[in-house]
Amino acid sequence: MNLRQVFQIKVLRRINKINIEEEHLYFAITLIVGVLSGAIAIVFHDIVVWLTEYFGTNKAYEPRTIVLAGTSVFISGYLTTRLSPWSAGSGIPQVKLSLVTHHGLISFKDLILKIITSILSLSSGFSLGRE
């Protein structure tokens, strides 16, 4: 039994001891997921804005901007192609594919690399997705 399964069993046992109604439990889980998602989105946005200012991709291009943005895109491409090919592509089609082929599971490594490569690419001035 791995650590994840042990954690899940402990959480389920605690929930059973508290004797929470199913509707209240789903509401609490929904609320927690919503708050965490909002917090992650705010941090993501702030990091992209900070890196955009640091790289200078929101102003007229200078040699420093080209070097920093180019290096950022190179790192993003390396991470995507070498370390985690599953993190390539647009987000929504990837999640749909994961729902069908992997029972809705996306590895934590792929999730973290997707966030990092998205931040690096957006701050370099690239647009992401199908738009």
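User: How do you know that S72 is found in a helix, and in which one?

Analyst: S72 belongs to helix α3, which covers residues 63–83. Helices are DSSP runs of H or I with at least four residues, numbered from the N terminus. This is a predicted model, in which local features need pLDDT of at least 70, side-chain atom pairs count only at pLDDT 80 or more, and totals for chains, interfaces and linings use all residues. Residues are numbered from 1 along each chain as its sequence is written, and side-chain values use heavy atoms, with hydrogens and water left out.

User: Why is S72 called buried?

Analyst: Buried means under 20% relative accessible area, exposed over 50%, and partly exposed in between (1.4 Å probe, protein chains only). S72 has a relative accessible area of 4%, so S72 is buried.

User: Why is V67 called exposed?

Analyst: V67 also lies in helix α3. Its relative accessible area is 54%, and therefore V67 is exposed.

User: What makes the pair S72 and S124 a polar contact?

Analyst: A polar contact is a pair of N or O atoms within 3.5 Å; within protein, one must be able to donate a hydrogen and the other to accept it, and residues adjacent in sequence count only if both atoms are side-chain atoms. The side chains of S72 and S124 make such a contact at 3.0 Å.

User: Which residues does S72 touch?

Analyst: Leaving aside residues up to four places away in sequence, S72 touches F55, L120 and S124. Contact means heavy atoms within 4.5 Å.

Terms used
Helices (H or I, at least four residues) and strands (E, at least two) are DSSP runs, numbered from the N terminus.
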